[in-house]
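Please look through the model shown here before reading on.

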Amino acid sequence: QVQLVESGGGSVQNGGSLRLSCTASGTKFYIYTMSWYRQAPGKQRELVAAATTDPKTDATSTNYADAVKGRFTISRDKDTIYLQMNGLTSEDTAVYYCHADFKQFGVEWGQGTQVTVAS
């Protein structure tokens with residue numbers, strides 16, 4: 001009964017900031033990668049940022065979509081991830097989804113949280 005619960009979405013002005021959170025509960029297997037995706041109306045869901053943790057070293061590597069590099073920062077603490085979003089523009093308006101990748105044991109999606117940036 002794995003659940004990913006997002007929070008922190010809302011409405012902000014151009015140039016504003018938001019911090020999203022996602023916590024995975026009920027997990028039975030190791031989560032290799034936790035990520036943020038987003039989907040705007042009429043567009044495909046796209047990867048925003050990902051955090052992959054090495055179970056042997058506990059070191060986390062991150063990667064970002066070109067559109068958010070320098071503005072967004074993903075961080076991870078065990079089964080919780082955050083997305084600090086700065087310098088938001090109307091192009092960032094979308095539903096943001098948390099994603100957990102268990103490798104051979106499958107994946108899980110959160111229900112999404114709305115981010116709206118006034119133009």
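Predicted model: local features only at pLDDT ≥ 70, side-chain atom pairs only at ≥ 80, totals over all residues.

Residues are numbered from 1 along each chain as its sequence is written, and side-chain values use heavy atoms, with hydrogens and water left out.

Visitor: How many helices and strands does the secondary structure of the chain come to?
Guide: Helices (H or I, at least four residues) and strands (E, at least two) are taken as DSSP runs, numbered from the N terminus. On that basis the chain comes to 0 helices and 11 strands.

Visitor: What radius of gyration does the chain have?
Guide: The radius is taken over C-alpha atoms, and the globule rule is 2.2 Å times the number of residues to the power 0.38. Because a compact globule with 119 residues would have a value near 14 Å, the chain agrees with the rule at 14 Å.

Visitor: Which loop holds Lys-78, and is this residue buried or exposed?
Guide: Lys-78 sits in the loop between strand E7 (72-77) and strand E8 (80-85), and its phi is near 60 degrees, a positive value in a residue other than glycine. Buried means under 20% relative accessible area, exposed over 50%, and partly exposed in between (1.4 Å probe, protein chains only). At 58% relative accessibility, Lys-78 therefore counts as exposed.

Visitor: Where is Asp-58 placed?
Guide: Phi of Asp-58 is near 65 degrees, a positive value in a residue other than glycine. Its place is in the loop between strand E5 (46-53) and strand E6 (60-64).
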